[in-house]
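Have the viewer open as you read.

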Amino acid sequence: MKAEIPPQTRYPDLEQEKQLWQRGVVRAAGLDEAGRGAWAGPVCAAAVILPAEESVLETLSGVRDSKLMTARQRAEWAPRVQNAAAAWGVGWASNDEIDAQGILPATRLAMRRAIEALGLPPEHLLIDAVRLRDLPLPQTVLIKGDWRCLSIAAAAVLAKTARDALMAGLDSQYPGYGFAQHKGYGTRRHQSALDALGACALHRRSYAPLRARLLPADESLN
């Protein structure tokens with residue numbers, strides 16, 4: 001039995017895309033999200049359609065699972081992804097939508113909005129771990145898709161850089177929380193800020209760590 005290559009040492013390939021290209025499906029959109037586990041801010045999704053050319057693998061040779069890339073590497077490769085892509089789009093679901101619907105439905109909503117933002121209708125979706133059941137499009141759901149499939153990895157880079165930039169930009173509007181540093185994730189600094197300042201308008205109040213810290217007066221803001 002062939003041993004699986006650890007994600008830390010593997011770069012994504014075009015095997016999924018090439019199978020579709022060989023069937024005449026040239027507009028395959030990779031989708032991934034960023035921010036599902038954060039305590040504050042929106043969830044962001046990106047969709048990327050790569051050109052049906054094997055040379056794109058070399059063009060995007062530095063793209064891999066975005067979690068294994070540094071912030072500087074992601075910032076370097078995001079515009080290269082945009083330039084190389086046949087189409088790309090970014091979609092969002094706000095923290096209020098997350099609280100109202102739950103994180104998984106909100107993630108699907110952000111993905112649908114990313115697809116709408118493509119400007120080029122996809123023929124097939126390659127998605128990291130999520131199925132969009134309400135979309136009448138053929139879909140391939142891949143576990144660890146961001147380290148297996150280049151289209152998904154490229155989408156992950158765009159989602160992560162877009163969300164990080166948004167949270168950094170919101171830092172001055174909500175001072176004291178450190179959003180520019182932790183991007184809304186539950187770091188010790190973020191927890192200390194919540195204990196000192198309480199929740200702000202960006203926080204996902206339905207999340208257990210937030211509910212545990214809400215003052216009775218805050219409940220009316222749900």
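Start at Cys200, which is buried, with a relative accessible area of 8%; buried here means under 20% relative accessible area, exposed over 50% and partly exposed in between, using a 1.4 Å probe and protein chains only. Before going on, keep in mind that this is a predicted model, where local features need pLDDT of at least 70, side-chain atom pairs count only at pLDDT 80 or more, and totals for chains, interfaces and linings use all residues. Residues are numbered from 1 along each chain as its sequence is written, and side-chain values use heavy atoms, with hydrogens and water left out.

A disulfide is a pair of cysteine sulfur atoms within 2.5 Å, and a search of the whole structure turns up zero of them. Cys149 is in no disulfide either, as its nearest cysteine sulfur, that of Cys44, is 18 Å away. Cys149 is buried too, with a relative accessible area of 1%.

Now for the sheet. Five strands form an open sheet in the order E3-E2-E1-E4-E5, with mixed pairing. Helices (H or I, at least four residues) and strands (E, at least two) are DSSP runs numbered from the N terminus, and two strands pair if DSSP finds at least two bridges between them. At the edges sit E3 (87-93) and E5 (139-142), each pairing on one side only. Strand E4 (residues 124-128) runs parallel to E5, joined by four bridges, and Leu126 stands opposite Thr140 in E5.

Helix H1 (residues 15-22) packs on this sheet, touching E1 (28-34), E4 and E5. Its Gln16 is buried, at 18% relative accessible area. Which residues does Gln16 contact, leaving aside neighbours within four places in sequence? They are Leu126, Thr140, Leu142, Arg148 and Cys149, where contact means heavy atoms within 4.5 Å.

How values were computed. Axes are lines fitted to C-alpha atoms, for helices over the stretch in contact, and angles run from 0 to 180 degrees between N-to-C directions.
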